[in-house]
Amino acid sequence: MRLIARGLACRRAGRVVFHDLDFSLSKGEALALRGRNGAGKTSLLRVIAGLVPASAGTLELEGGEAEAPIGEQCHFVGPASGIKPVLTVRENLEFWMGFQGGSASVASALDAVGIGNLAPLPARYLSAGQQRRLALAAIIATRRPIWLLDEPLNALDADGAAMLNGLIRNHLGDGGIVVAATHADIEAGTRTLHLEAS
Amino acid sequence: MTGRALSALTVRELRLAVRIGGSALLGTLFFLIVVTVVPFAVGPDLKLLARLGPAFLWIGALLASLLSIDRLFQADTDDGSLDLLMLSSTPLELVVLVKCLVHWLTTGLPLVVAAPVLGLLLDMDGMQLLSVTGTLLIGTPALTMIGAVGAALTASLRRGGLLLAVIVLPVTIPVLVFGVSAAAAATGGTVPALTPFLVLGALTLASLALAPFAAAAALRVGLE
């Protein structure tokens, strides 16, 4: 499986966010996006997911499911993670697993991110870090080859950061691809793409 | 796969509607208040009340539907759910349809059930109550579907509720016209009762067929 971008450009509100971006990621590889605020890290993730159309260039996934758009083979974890505060932690996760077709058990996914004891609690009582962990539980509960992580370390404590690195390592070991926009260091051995604000 | 996704979505929407801050009973309470206020404004003339009854019930239902529909997509846009709903093999049009269906079940249907009870406050007789309830049953899905297009257009705006009403109200006029005239015709009028009923049904079917596509397109544009 290879994710290949050629001459990718994105324009939002009439402003060119980035242009002529080339990269290629094979399975088991991770790419860290670096750059100042506004350099287009999040925009690039959204372009890869297909949530924002690229204004130029192409993006293709070799060896994935040819019929499905790339977005359907991606997990996207952004600053807002789709958690409904009035539903319990378990209900939130059950929904995303049901909707995305996950087959893991709810309890084991919650345990894997260290919030197994919070399952019956309404999600509005979760701290920001615990919400982030719940979002991560949703992406490990359903297998998709590409993970797009937007500032995944935000709000996570040292333990959480180590856990996330472990999850990323496992995912890469399974032949997945990770693209992460981050200021801190994630998993060693990742390649880095510097985005310049234009 | 799609079936499982849609049933998961249905369960979530139903849970959200009945939990704190959900819209399930709020619309019905609003409906009750609007209809209760009418006799105070119109005065104690029972004949007048009975004649205006179907119109007031329809206006109450229209406002109650609009009141609750502005959060239909806004909540999902705010908390990032919409992004994730789009990264799925389930077509967004079906997601819209399911959300509308649950919205109607939790706000439209209670209005229909409450209508005959509230009609008593307006001194309507049995036949009138039956016809108004019937027209509301046929017509309120159209209000939800039309409202959903407005909700999708205003999903990314903060405080889009007022704009939603301005966009949606003019479009709902045909539903209102045929709803009220069908209810009035059933209890003696100049037109045969069946004609406005059929037009009302056609409006609902057309909105069911077209609105999911319009709303999904509006949501996609709104994300960019």
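Trainee: In what order do the five strands of the open parallel sheet in chain A stand?
Mentor: First, this is a predicted model, where local features need pLDDT of at least 70, side-chain atom pairs count only at pLDDT 80 or more, and totals for chains, interfaces and linings use all residues. Residues are numbered from 1 along each chain as its sequence is written, while chains are lettered from A and ligands numbered from 1 in the order in which they are written. Strands (E, at least two residues) and helices (H or I, at least four) are DSSP runs numbered from the N terminus, and strands pair if DSSP finds at least two bridges between them. The order of this sheet in chain A is β5-β6-β7-β3-β8.

Trainee: Which strands of that sheet stand at its edges?
Mentor: Look for strands with a single partner, because one side of each is then left without a neighbour in the sheet. In chain A these are β5 (74–77) and β8 (191–194).

Trainee: Which residue in β7(A) is the bridge partner of A30(A)?
Mentor: Start with β3 (30–34) and β7 (177–181) of chain A, which run parallel and are joined by four bridges. In β7(A), the partner of A30(A) is V178(A).

Trainee: What angle does helix α5 of chain A make with β7(A)?
Mentor: Helix α5 (158–173) of chain A packs on the sheet and touches β3, β6 (146–150) and β7. Axes here are lines fitted to C-alpha atoms, for helices over the stretch in contact, with angles from 0 to 180 degrees between N-to-C directions. The direction of α5(A) makes with that of β7(A) an angle of about 145°.

Trainee: Chain A has an open sheet of three strands too; what is its order?
Mentor: The pairing in this one is antiparallel. β1 (2–12) and β2 of chain A, for instance, pair over eight bridges. The edges are β2 (15–26) and β4 (56–62), each with a single partner strand. The order is β2-β1-β4.

Trainee: Which element of chain B gives the most residues to the side that touches chain A?
Mentor: Residues are in contact if their C-beta atoms, placed from the backbone, lie within 7 Å; by that test 22 residues of chain B meet 23 of chain A. Elements giving two or more residues to this side of chain B are α1 (2–18) and α5 (81–86). With seven residues, the one that gives the most is α1(B).

Trainee: How many helices does chain B have?
Mentor: Chain B has zero strands. Its C-alpha atoms fill a box of roughly 55 × 35 × 30 Å along the principal axes. The number of helices is nine.

Trainee: Are α7(B) and α8(B) roughly parallel or roughly antiparallel?
Mentor: The axes of α7 (126–153) and α8 (161–186) of chain B come within 9 Å and cross at roughly 165°. Angles under 35 degrees count as roughly parallel, over 145 as roughly antiparallel, 65 to 115 as roughly perpendicular and the rest as oblique. These two helices of chain B are therefore roughly antiparallel.

Trainee: At what angle do α1(B) and α6(B) pack?
Mentor: Residues that meet here include L6(B) and L9(B) in α1(B), with L94(B) and V95(B) among those in α6(B). The axes of α1(B) and α6 (92–121) of chain B lie 10 Å apart. Their packing angle is about 35°.

Methods:
Contact = placed C-beta atoms within 7 Å.
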